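Subject: Structure for you to look at

Hello,

Please find the structure below. My notes on it follow.

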Amino acid sequence: MSKYYYDLHIHSCLSPCADDDMTPNNICGMAALKGLNIVALTDHNTCGNCESFLKVAKANGLIGIAGMELTTAEDIHMVCLFEFLQQAKDFSLAVQPYRGIFPNKVEIFGQQMLMDENDNVTGVDENFLPIATSIGLDEAFCLAQKYNALVFPAHIDRTANGIVSILGTIPKTPDFPCIEFNGKEDYQKYLKDFPIIESKSHVFNSDAHNLWSISEAENFIELNDEPYSSDLVRHELFEALRGKLTKGGNT
Ligand SMILES: [Zn+2]
Ligand SMILES: [Zn+2]
């Protein structure tokens with residue numbers, strides 16, 4: 001068993017609200033500098049930069065994870081992580097028909113850049129990405145399950161797009177295996193107010209939209225990594241987060 005420091009919710013320059021310098025190389029370079037081991041890319045309603053991100057993560061000695069932050073029809077943010085890149089790509093295609101058609105206004109919202117592993121711009125997404133999809137929470141959860149995603153409600157401790165602020169509770173269904181907190185300040189309060197959380201895994205992620213917000217090496221999970229391979233560690237992470245996370249913590 002070894003400790004792995006993680007940040008499983010980071011946006012690249014494909015998300016309009018993220019800084020333009022959130023390139024695959026800058027994100028991974030910063031994550032490595034901060035001492036992180038496992039990082040996930042979770043742009044709004046797309047996995048368009050995941051392939052290059054995974055290549056760059058590997059080159060920086062990091063374990064990269066392909067992901068997406070999906071906006072449900074209720075405006076709830078839901079993080080979907082994939083053990084395999086192809087699952088993420090297929091899910092991204094599956095979500096596309098549900099995305100609203102609303103041209104991105106670059107001067108207001110920012111650019112939505114696709115990049116290769118050398119941070120070259122290979123294209124842009126013309127439609128504003130973060131807008132709510134037409135998939136309701138339950139349907140979105142089921143759709144993500146079809147692609148074997150690990151799904152958790154994002155930043156439940158925030159008012160904007162958090163499941164608690166929108167629904168007033170954490171519903172019994174969908175049965176999320178994991179819950180994401182953005183900060184630690186109200187953690188105990190949420191545990192007390194919503195006992196359902198107790199039975200789930202808990203992760204603390206940055207939701208970074210700029211380089212300095214990427215987590216420091218403070219949140220970790222202990223994983224079986226013998227005989228070591230990055231594929232094994234990634235697999236064990238998914239297994240751990242699908243069960244009850246009792247082996248992790250924060251320093
Ligand atoms: Zn969010
Ligand atoms: Zn986010």
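Two strands are taken to pair if DSSP finds at least two bridges between them. Helices (H or I, at least four residues) and strands (E, at least two) are DSSP runs, numbered from the N terminus. This is a predicted model, in which local features need pLDDT of at least 70, side-chain atom pairs count only at pLDDT 80 or more, and totals for chains, interfaces and linings use all residues. Residues are numbered from 1 along each chain as its sequence is written, while chains are lettered from A and ligands numbered from 1 in the order in which they are written.

The hairpin

Strand 5 (113-115) and strand 6 (residues 121-124) pair in the antiparallel sense over 3 bridges. Methionine 113 stands opposite valine 124 of strand 6. The two strands, strand 5 and strand 6, form a hairpin with 5 residues between them, and aspartate 119 in the turn has a positive phi of about 65 degrees. Aspartate 119 counts as partly exposed because it has 15 C-beta neighbours inside 10 Å. For burial, C-beta atoms are placed from the backbone; a residue is buried if 20 or more other C-beta atoms lie within 10 Å of its own, exposed if 12 or fewer, and partly exposed in between.

Helices 1 and 2

Helix 1 (residues 24-33) and helix 2 (residues 50-59) pack at an angle of about 35 degrees, their axes 9 Å apart. Here axes are lines fitted to C-alpha atoms, for helices over the stretch in contact, and angles run from 0 to 180 degrees between N-to-C directions. On the helix 1 side, Pro24, Asn25 and Cys28 meet Ser52, Phe53, Val56 and Ala57 of helix 2; contact requires C-beta atoms, placed from the backbone, to lie within 7 Å. The residues of this contact divide into 5 nonpolar, 2 polar and no charged. Ala, Val, Leu, Ile, Met, Phe, Trp, Tyr, Cys and Pro count as nonpolar, Asp, Glu, Lys and Arg as charged, and the others, Gly among them, as polar.

Helix 2 is mostly covered, with 7 of its 10 residues buried. The buried residues of helix 2 pack against helix 1, strand 2 (38-44), strand 3 (63-71), helix 3 (85-95) and strand 5. Just after helix 2, glycine 61 takes a positive phi of about 75 degrees.

Alanine 31 lies in helix 1 and is buried, with 28 other C-beta atoms within 10 Å. Not counting residues up to four places away in sequence, alanine 31 touches Asp7, Leu36, Val39, Leu62 and Ile214.

Leaving aside neighbours within four places in sequence, alanine 149 is in contact with Cys80, Leu81, Phe82, Phe91 and Ala144.

Backbone points to check

Most residues other than glycine have a negative phi, and most peptide bonds are trans. Aspartate 75, in the loop between strand 3 and strand 4 (77-82), has a positive phi near 75 degrees. A cis peptide bond joins threonine 173 and proline 174, with omega about -5 degrees. The bond from glutamate 226 to proline 227 is also cis, with omega near -10 degrees.

Regards

Terms used: Contact = placed C-beta atoms within 7 Å.
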